[in-house]
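Work through the exercises below with the model open. Try each task before reading its solution.

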Amino acid sequence: MKRLFKWMVWGLLAMVLLLLAVALVLQRWIGTPDFKARVEREARTALGVPVTLAQLDVSVWPLPAVALQGIAVQTQPVVTLERLEVRPAWAGLLAGRLDVSTVLVRQATVPQKAVEAVLATLQKKERTTHSARGLEPEKAFDPALLPKSLVLDQVTWVNTKGVGSTLNAKAALGSDGLPDTVSLEVVKGQYHGTQAVITRESAGWDLAIKVGGGTVKGHMGLQPATQAGGPFSLKGQLETRDVEVAAMVGPTADASPLSGRLEASTTLSARAANLGALADAVQTQSRFTVRNAVVRGIDLAKAVQTIGLNRGGETRLDTLAGQVNTQGRAVQVVNLVASSGALSANGNVNIAPNRALSGRVNVNLAAGALGKSVSQAVGVPLVVGGTLDAPEVTLTRAALIGAAIGTAIMPGVGTGAGASLGDKVESRFKKLFGK
């Protein structure tokens, strides 16, 4: 027995020494300029943009790993990674195969514009390759090539406006390459304090997110493609409760175009052939209510007083409700209803992918709120324009003419009444002549 134990010790020691020797040889080989240049060439071919590396290392303790340091993907703007570490599984190594156990990304900055540019390049490359192959079937991706777990340490995502969110995250992947569990926390920047947990169930994933003092909970289901290269389907249902809107739509509470406590029910769906096309394929429908809402960038009461020539300011509302429909990055707000004391408004607003606004809002304001002795309500139809960060409201040409006539006949109340009448006359003429 002692002899067997002795042989086991010597065998284990020999294996450790062998691994150390292999690691030393690999480190010297990987550390050569030729190997580094080869890795840079392969990365450039795979991504379609130049990639530079500062250093490559091999370590054995506490876990075997290959580390790439000082990575810069030369997109515009540049993607940088301080360290990308790939850890193989011991069992695979002992069996003579390379199974990736963990991929660690540390101290990275990932601009959204850069990711979108890389995805667009890869999609173009895929279409060109598929066209060259003709009817040749595409090879299915092997999930076994993916790591069993992914760790993000101090990774900063920078949106298209240059606002960053730094997060830590861990994900465990299943045998099919899809996540079994995901935990995420935003530790700095926009959405600071947000925590999310995603757990895989038999029919999809359960989501639980803490953000803005409230919660977003729901379920997501994925229908795989029926054939290689075909689209997959994504469906989900989310319930938002008591979330501060400013924590979701603005870099800071004061800079957010809207604040208030949000309640919403959302359904979403998407059909896409790959993750790169998913952002433009997602469709959502949400019914929402915002309590104690503040709309920044526009004062609707002053817009009524100045017949739509007001800029800046803010509008405080008791309630703001409606329905939001999205298609990719385009947003449509319909059946919008707002109220606060003497002010009420309704209308529809579109938000383009570039954050440009368009739509119409009808605003009613009690004449008493204008400091007048009469109690007749003043209603003004306004055209919404500008951007989400700097909204503008103006009168249509017909409403502006009506407002001028109303002001001449009855200053004050006649302004709003004339604007409303002018807008109605224009609408009826369009219906009459089909324009």
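## Exercise 1: Salt bridges

By the salt-bridge rule (a side-chain nitrogen of Lys or Arg within 4 Å of a carboxyl oxygen of Asp or Glu), the count comes to 12. This is a predicted model: local features need pLDDT of at least 70, side-chain atom pairs count only at pLDDT 80 or more, and totals for chains, interfaces and linings use all residues. Residues are numbered from 1 along each chain as its sequence is written, and side-chain values use heavy atoms, with hydrogens and water left out.

Task: Find the partner of arginine 291 and state which strands the pair links.

Solution. 
- Step 1. Arginine 291 meets aspartate 242 in a salt bridge, 3.3 Å from N to O.
- Step 2. Arginine 291 sits in strand 14 (residues 283-296) and aspartate 242 in strand 12 (residues 232-244), so the pair links parts of the chain 49 residues apart. Strands here are DSSP runs of E with at least two residues; helices are runs of H or I with at least four; both are numbered from the N terminus.
- Step 3. Check exposure, where buried means under 20% relative accessible area, exposed over 50%, and partly exposed in between (1.4 Å probe, protein chains only). Arginine 291 is partly exposed at 33%. Aspartate 242 is partly exposed at 30%.

Task: Which salt bridge does arginine 261 form, and which residues share its network?

Solution. 
- Step 1. Arginine 261 pairs with glutamate 244, with the closest N and O atoms 3.8 Å apart.
- Step 2. Arginine 261 belongs to strand 13 (residues 258-272) and glutamate 244 to strand 12, 17 residues apart.
- Step 3. Shared partners join Glu239, Arg241, Asp242, Glu244, Arg261, Glu263 and Arg291 into one network.

Task: Is glutamate 85 buried or exposed, and what does it pair with?

Solution. 
- Step 1. The partner is arginine 87, at 2.6 Å between the closest N and O atoms.
- Step 2. Glutamate 85 is buried, with a relative accessible area of 8%. Arginine 87 is partly exposed at 24%.

## Exercise 2: Overall make-up

Task: Describe the protein by secondary structure, burial and contacts.

Solution. 
- Step 1. There are 9 helices and 20 strands.
- Step 2. Of the 435 residues, 34% count as buried.
- Step 3. Take contacts (heavy atoms within 4.5 Å) with a separation of 6 or more; residues 24 or more positions apart account for 43% of them.

## Exercise 3: Nonpolar cores

Task: Which residues touch the most other members of the largest nonpolar core?

Solution. 
- Step 1. Apply the rule: a core is a set of buried Ala, Val, Leu, Ile, Met, Phe, Trp, Tyr and Cys residues joined through side-chain atoms within 4.5 Å.
- Step 2. The largest core has 27 residues; Phe288, Val290, Leu300, Leu320, Val349, Val363 and Leu382 touch the most other members.
- Step 3. Elements giving two or more residues to this core include helix 7 (300-305), strand 15 (314-327) and strand 19 (377-386).
- Step 4. A second, separate core of 17 residues includes Val49, Leu53, Val79 and Val155.

Task: List contacts of valine 349 and serine 358 beyond four places in sequence.

Solution. 
- Step 1. Valine 349 touches several residues, among them Val331, Leu336, Ser358 and Val384.
- Step 2. Serine 358 contacts Asn348, Val349, Asn350 and Val384. Serine 358 lies in strand 18 and is partly exposed at 34%.
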